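Open the model in your viewer and keep the selection tool at hand. The stops below say what to select and what is found there.

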Amino acid sequence: MNWMRVGAIIQKFWYSTRRDTFRLFDIFFWPVIELFIWGIFSIFLSKSQVDGVNLVTMLLGGIVLWSFFTRASKDISLSMIDELWSRNFINLFSTPVTMGEYVVGTIFVGCMKLIVSMILMFFLAYVFYGFHISSIGFYIIPSAIGITVFGWTLSMFVQACFLRYGHTVEVFIWAIAALVQPFSCIFYPLSALPGWAQTIARLLPTTYFFENMRNQMTGHGIRVGELALAFGLNFFYLMLAILFLNRSFDHARKNGNLVKNN
Amino acid sequence: MNDILVVDHLIKKFGTFTAVDGISFRVGKGEIVGLLGPNGAGKTTTIFMLLDFIAPTSGNIEIFGLHYKDHRGEILQRLNYSSTYVEMVPRLTVWENLLVMANLYLVPHPKGKIQEVVGRFGVGAFINKRYEDLSQGQKTRVFLCKAFLNDPDLLLLDEPTASLDPDVALLIRKEILVARENGMTILITSHNMAEVEEVCDRVLFINHGKIVAEDTPEELAKKVRQIRVNFMMKDGQKRTMSFAKKAGFPATADGRFVTISVDEADIAYLLSGLADLGVEYGEISIDKPTLEDYFIKMSRIGGGV
């Protein structure tokens, strides 16, 4: 082994990391997120009055609903990055296909994959943990739709960032779900968060979907007003994401990023 | 002649760097026009502006009398593009890739059309292979199949015969000429000057983002007045080299062969001078200037002739 060459490799990583803010973000992001989520969850557990069975059911319900989000949040951005990695982007967009058609096609494929993986997930959760979909009831439909739409919204946002800033923001494709996760109150109630985090959580539609999931499971019923607010926020963010995506596409055409990223 | 493509005072700046600096040209229906220039001259930026991948800083592009702003779909439906620098989906077979492309172009009876173009470009033998498993030459042929799928009115070809064996390159040039006979308009970039001379009606020479020359390949080649005179010497090789040196003509010797570069007006002076010295040669040949000579000259001086 030649240590000079090993040093050169380290040097290469050092150069690329210090010039790339998003790589630095990657280094610090995951430990902070992990610490945050499981720290709050531990506090919630120690103070929780919920009995063991309900707690497990709520956790499984949270995991199942959250998986809608994690999948949807990668659908659009990952498919676009795949076009860029395979250098097919220019080939594709030199045809009459529009960005809107591309996104809709991607969402359609995402829906198909989502349905298949959800059926599998519900089945496995039932077989291994006795989790039954009926514990969420018909609430599964609006909550799954709402959470999925928010996933697509963030996926569009990441795609827009990608068009604007290039490959350096690839890390967001995987990080975006984790970034939203601690504030979405998946495994613990909104009240378990510190004050500043509650403010952020109230701005996320996912918070209301998970809060109401717990309400539904513990027999407290659905708060319709909160659901309406969640869908309203969803619609608002979706419109913002579409606008940002369009602007980023124009921006990428102006600075040549559409071609450079290929 | 109807203009299929009109480019008017097109400028593209990236920050302080000007990649394309006010170029204007027109391409008529059924014309094959070559866009030539050294690396970094602005050819690719121009092609990408013609495809709407890069927005011009200023200037105007009109294709089929339409603008991208309001007619992107209509323009791209009647246009196609092939380049050695882009790829198709690697995990899909050639057939699958072409079928997807045919459907994006809304080609009626796509399977029949694919069979037709595949036959024309000799792709049948590897139609069921994955795209990622093809050689570069095979990929180029697949891209040409894709480029003809929608029978485009305007075809942009970026290095269409790069990486191809000579016999396949010949086939491609033949297909390009057949396409022109059928009324297709083609804008082509190539580093193969012989190819450009063979297929192009007109050449635009671009350098430092500007069109520095525009003419037929033959006329551009004529602008290079330097010709090469090749001798197979019998006697007097040293005298020949000495004469060339005194006259200021660049000369090289390789065994019994001597090549002297002269302005075409000086040929008579060269031959009579050698005759006066009693030089004897067995064979003499003259290489006329080609488009390649013009390309080299223009690339070196970086401006107009």
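Select α6(A) and α7(A): α6(A) passes α7(A) in a right-handed crossing. This is a predicted model. Helix α6 of chain A covers residues 140-165 and helix α7 of chain A covers residues 171-180. The two pack at an angle of about 140°, and their axes are 10 Å apart. An angle over 145 would count as roughly antiparallel, and α6(A) and α7(A) are therefore oblique to each other.

Next, show the side chains at this crossing. From α6(A), the contact takes A:Leu154, A:Val158 and A:Cys161. Facing them from α7(A) are A:Phe172, A:Ile173, A:Ile176 and A:Val180. How do the residues of this contact divide by class? Seven are nonpolar, none is polar and none is charged.

Now move to chain B and select residues 94-104, which form helix α3, together with residues 110-120, which form helix α4. Helices α3(B) and α4(B) pack at about 125°, with 10 Å between their axes. That angle makes α3(B) oblique to α4(B). The crossing of α3(B) and α4(B) is right-handed.

Which residues make the contact between α3(B) and α4(B)? On α3(B), select B:Trp95, B:Leu98, B:Leu99, B:Ala102 and B:Asn103. On α4(B), select B:Pro110, B:Lys113 and B:Ile114. By class, six of the residues in this contact are nonpolar, one is polar and one is charged.

Stay on α3(B) and colour its buried residues: B:Val94, B:Asn97, B:Leu98, B:Met101, B:Ala102 and B:Leu104. They lie on the same side of α3(B), because the arc they cover around the axis is only 160°. Among the elements covering the buried residues of α3(B) are α4 and α5 (136-147) of chain B. Just after α3(B), select B:Leu106, which has a positive phi of about 55°.

For the last stop, display both chains and look at where they touch. The contact takes 16 residues from chain A and 18 residues from chain B. On the side of chain A that touches chain B, the elements giving two or more residues are α4 (89-93), α10 (224-255) and α11 (257-260) of chain A. Which element gives the largest share of that side? Select α10(A), which contributes three residues. Colour the chain A side by class to finish: five residues are nonpolar, eight are polar and three are charged.

Methods. Residues are numbered from 1 along each chain as its sequence is written. Chains are lettered from A and ligands numbered from 1 in the order in which they are written. This is a predicted model: local features need pLDDT of at least 70, side-chain atom pairs count only at pLDDT 80 or more; totals for chains, interfaces and linings use all residues. Axes are lines fitted to C-alpha atoms, for helices over the stretch in contact, and angles run from 0 to 180 degrees between N-to-C directions. Helices (H or I, at least four residues) and strands (E, at least two) are DSSP runs, numbered from the N terminus. Angles under 35 degrees count as roughly parallel, over 145 as roughly antiparallel, 65 to 115 as roughly perpendicular and the rest as oblique. A crossing is left-handed if the near helix is turned anticlockwise from the far one by less than a right angle, and right-handed if clockwise. Two residues are in contact if their C-beta atoms, placed from the backbone, lie within 7 Å. Ala, Val, Leu, Ile, Met, Phe, Trp, Tyr, Cys and Pro count as nonpolar, Asp, Glu, Lys and Arg as charged, and the others, Gly among them, as polar. A residue is buried if 20 or more other C-beta atoms lie within 10 Å of its own, exposed if 12 or fewer, and partly exposed in between; C-beta atoms are placed from the backbone. The arc is that of the directions from the helix axis to the C-beta atoms.
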